[in-house]
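Student: I've never looked at this one before. Could you walk me through it with some questions and answers?

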Amino acid sequence: MTEALLALWDGAFGSSYAIWSATLVRSAPLLWLGLGVALAFRAGVLNIGAEGQFLMGAIGATAVAQVVGRSVPGLVMIPLMALVGGVAGAGWAGIAAWLRQRFGVLEVISTIMLNFIALATIGWMVRGPLQEPTRIYPQSAEIPWSAQWPFLIPGQRLHLGFVLGLLACAIAWVVLTRTATGFRIRAVGASPSAATSAGQIDVGRTVMRVFLVSGACAGLAGAAEVGGVTWALYEGISPGYGYTAIAVALLARLHPGWIVVSAIFFGALEAGASAMQRDAGVPSVVVQVIVAVIILGVLAGSQRRTRVDALRVRAGSGR
Amino acid sequence: MTQRAATEPMGADPRDHEALALEGITVRFGPVTALDGAHCTIRRGTVHAILGENGAGKTTLMRAAFGWLMPDAGTIRLHGAPVTFRTSAEAIAQGIGMVHQHFMLIPAMTVTENIALGGRGRFDAGTTAARITAVADGAGLPVDPVARVRDLAVSAQQRVEIVKALVRDARILILDEPTAVLTPDQATELLRWVRTFADAGGTVVLITHKLREAFAVADDLTVLRQGRTVLSAARALVTEAHLIEALTGAGVGPGGAGGPVPYHPMPTARVADAPEVDDPAPVLRLDGVRYVDPRGVTRLRAVDLAVYPGEILGVIGVEGSGPRELLRILAGRLTPTTGRVTRPDAVGFVPEDRLHDAVIPSFSLTENLVLADGGEARGWMDWSTWRTITRDLLATADVRAAGPDVPMATLSGGNQQRFVVGRERRRAAAALIVEHPTRGLDLTASARILADLRALGGNPRPAVVFHSADLDEVLAVATRVVACFEGRVREVSPPSDPTDRTPYTRAMTGSVETTAVSSGGTR
């Protein structure tokens, strides 16, 4: 038991390599994905399709890197990958957003189904249009040098995507708390009926936009993963980051600032889990159990809090 | 327990047999007494109308008879024998059926499935459908057993509800406000069916607030007021004047406890004076407004209305007759199907459901203030300015709160409502639409809100449109009163005796002519 926990700790924070090349590298996609999920949840959109939007972003970024990467410098290539990845993720989320708006399809169902379609699409891509030239392995060729995102620290694998993720969280925090748009998002999420009736806010439009931004965040995470970590596209590119992101968002109580802490925590768990399996022989699935317990704990805690608040309110109004 | 002698059938006429008798029924919901010893006796083969204003206890009484709720005291006799229904299933088994005002059907299921729901044993769609068709055709209520309920018009859904009761061999049918959702033609048809059903030996209890309906179809009438039976008699023995007296309690001796609040019109130009040439322009104006709701029910027909600065227009009318839609159209929250609306850019709106539609309980007071501008706000939010504005509002509207940053949920209902009224006034000085402002508030808080509305100042003074289910409230606040009935809006001229509520009740129940509403000379 102690041995396993020590291995987990060592794998996550035990060395500078563990921190800068394992934990934080795994935190990078979780920052973007957790932020996307949190923004959607804030507006009352239960987007649990971050996984699919991530994969579509990865496909988009790989494709654009393969097509134009050899003829364009990195200064243009990297923003272009981010843009294409973001648009691909937003487009994938847009399908679910449109279904919700037009037919009232629950996004919980549509987004999770789109995850499977995205997974199947990536399978086809790496055996078809994007397969490496020898046509032996189900993966893409390595993306050109100009499309590989810069590392931040010499000798460590931490890449640009992590810093951009931190920036995105900061921007989201400012938008949510300081701007009219952010206020509308929070109002729509807290009470669509009051937003409509008292605020005359266009709930449908707000929901649509947040849904697309949420998808764009996930798509960008996919682009950053291809550009910063894998340099190629293959089916197992995400070890379920899109699902972990829901835990990241919930643990952070949907607050962009806490997303940073929460993403690093889950990144550490991911990094530590592999080390634990390798060094202590404890299956990394145990970490998933921990994750599940955390989610349940957070949900139970928030339930209790709302109930306590409700009691307090009732007592207060009785005065 | 001593009803042995009372239940012996007297003559050969089946109408002398008692089908359902309710005695001394008392129902309490917490501190509220909904029914206070109400009684009525329903004879077999008759149509029995239960009348009363909103909240008089009509539906509660019949729910007790249907086993939907257990009375705290009282006896129920079915065909002379005392019964206790613990659940509505037991009442159904004894041949009682109830069609609720809000239908109990599952939209995604077929008619057959809906009717079979709650049944026992094997379900065979074919035989059930055949039985439904047989019963429905026999009763003269055509339904399509394979249709999905969500595809059916409201009138057809109502037929399904009735057939559902008949399939279970209901001989006593309780219909709760059945015509509220129907067009006049459909209502006439339904009432005709009700008459036929009773003539064939069935028994119908008709809960209604429409005097005309009761007179048209009922054999017996029972009137409830504030949870008590104030009148129960054969229709032939009752005049309309009797009935209105019983409904409102006006002019009644000991029975009229509580009494009506005297109505003193506030001295404004609009009440008595004929329209003058130097009239100010109306703030709000409707011309030929018609509104058909998404379900296809016409809620408002050809409404002309003008509201002037400084007046408080009281809107009366029972649920479903149009006040809700009228107010929402004036507030700009609903777009009329046809017709023209003239209104200022900003109209303050105090909706009925405060916690759901007016405020966000988890948000701070400042955020709730900003919410009213939520649709228009752009760019950066200057929270410190908003906080100052909120602090000012708390002072001017006399809202008791620890500060602008506490959550709305920590305020009492009365303080929340004063906050909402103050917020809407701040944003829209010219016009304010107020819907059921005292709902959920205690007596003191209610009185405060009503007094605040009467005292609204400003220059020019705002035009206020006010609707409440409580007639006394409307009369206490309004300078002019219009009544909604079946989607038409008519002005009620104030009676010479300020304590006389008869003209208002008449206008709401459609029992007598009232003057068509004037748009104040500007047509």
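Student: Which side chain does A:Ser238 meet in a polar contact of 2.9 Å?

Tutor: Keep in mind that this is a predicted model. A:Ser238 sits in the loop between α9 (203-230) and α10 (241-251) of chain A. Leaving aside neighbours within four places in sequence, A:Ser238 is in contact with A:Phe54, A:Leu55 and A:Glu51. The polar contact of 2.9 Å joins the side chain of A:Ser238 to that of A:Glu51.

Student: Is A:Ser238 buried or exposed?

Tutor: The cut-off for buried is under 20% relative accessible area. A:Ser238 has a relative accessible area of 11%, so A:Ser238 counts as buried.

Student: Now A:Val287: buried or exposed?

Tutor: That residue belongs to helix α12 (residues 285-317) of chain A. Not counting residues up to four places away in sequence, A:Val287 touches A:Leu8, A:Leu269, A:Ala273 and A:Met276. Its relative accessibility is 7%, and buried means under 20%. So the word for A:Val287 is buried.

Student: How far apart are the C-alpha atoms of A:Val287 and A:Gly272?

Tutor: Along the chain, the two residues are 15 residues apart.

Student: Which residues have the most contacts inside the largest nonpolar core?

Tutor: That core has 138 residues. Helix α2 (residues 16-42) of chain A gives the most to this core, with 13 residues. The residues with the most contacts inside the core are A:Met81 and A:Leu233.

Student: What does A:Leu233 touch, not counting residues up to four places away in sequence?

Tutor: Let's go through the list in sequence order. A:Leu233 touches A:Ala58, A:Ile59 and A:Thr62, among others. Its contacts also include A:Ile122, A:Met125, A:Val126 and A:Leu130.

Student: How many residues of chain A are in contact with chain B?

Tutor: The area buried between the chains is about 2,100 Å², of which carbon and sulfur atoms give 55%. There are also 13 residue pairs in polar contact between chain B and chain A. On the chain B side, 28 residues make contact, and on the chain A side the number is 21.

Student: Which residue of chain A forms a salt bridge with B:Glu367?

Tutor: The count between the two chains is one salt bridge. Its closest N and O atoms are 2.6 Å apart, and the cut-off is 4 Å. The partner of B:Glu367 is A:Arg186.

Student: Which helices of chain B each supply at least two residues of the side that touches chain A?

Tutor: By class, that side of chain B has 14 nonpolar, seven polar and seven charged residues. The helices that each supply at least two residues are α11 (354-358), α12 (365-371) and α14 (413-427).

Student: What is the relative accessible area of B:Thr390?

Tutor: B:Thr390 is found in helix α13 (residues 383-396) of chain B. Beyond four places in sequence, B:Thr390 touches B:Leu365, B:Thr366, B:Leu369, B:Pro404 and B:Phe419. B:Thr390 is buried, with a relative accessible area of 0%.

Key:
Residues are numbered from 1 along each chain as its sequence is written. Chains are lettered from A and ligands numbered from 1 in the order in which they are written. This is a predicted model: local features need pLDDT of at least 70, side-chain atom pairs count only at pLDDT 80 or more; totals for chains, interfaces and linings use all residues. Side-chain values use heavy atoms; hydrogens and water are left out. A nonpolar core is a set of buried Ala, Val, Leu, Ile, Met, Phe, Trp, Tyr and Cys residues joined through side-chain atoms within 4.5 Å. Buried means under 20% relative accessible area, exposed over 50%, partly exposed in between (1.4 Å probe, protein chains only). Helices (H or I, at least four residues) and strands (E, at least two) are DSSP runs, numbered from the N terminus. Contact means heavy atoms within 4.5 Å. Buried area is the accessible area (1.4 Å probe) that two parts lose on being put together, summed over both. A salt bridge is a side-chain nitrogen of Lys or Arg within 4 Å of a carboxyl oxygen of Asp or Glu. A polar contact is a pair of N or O atoms within 3.5 Å; within protein, one must be able to donate a hydrogen and the other to accept it, and residues adjacent in sequence count only if both atoms are side-chain atoms. Ala, Val, Leu, Ile, Met, Phe, Trp, Tyr, Cys and Pro count as nonpolar, Asp, Glu, Lys and Arg as charged, and the others, Gly among them, as polar.
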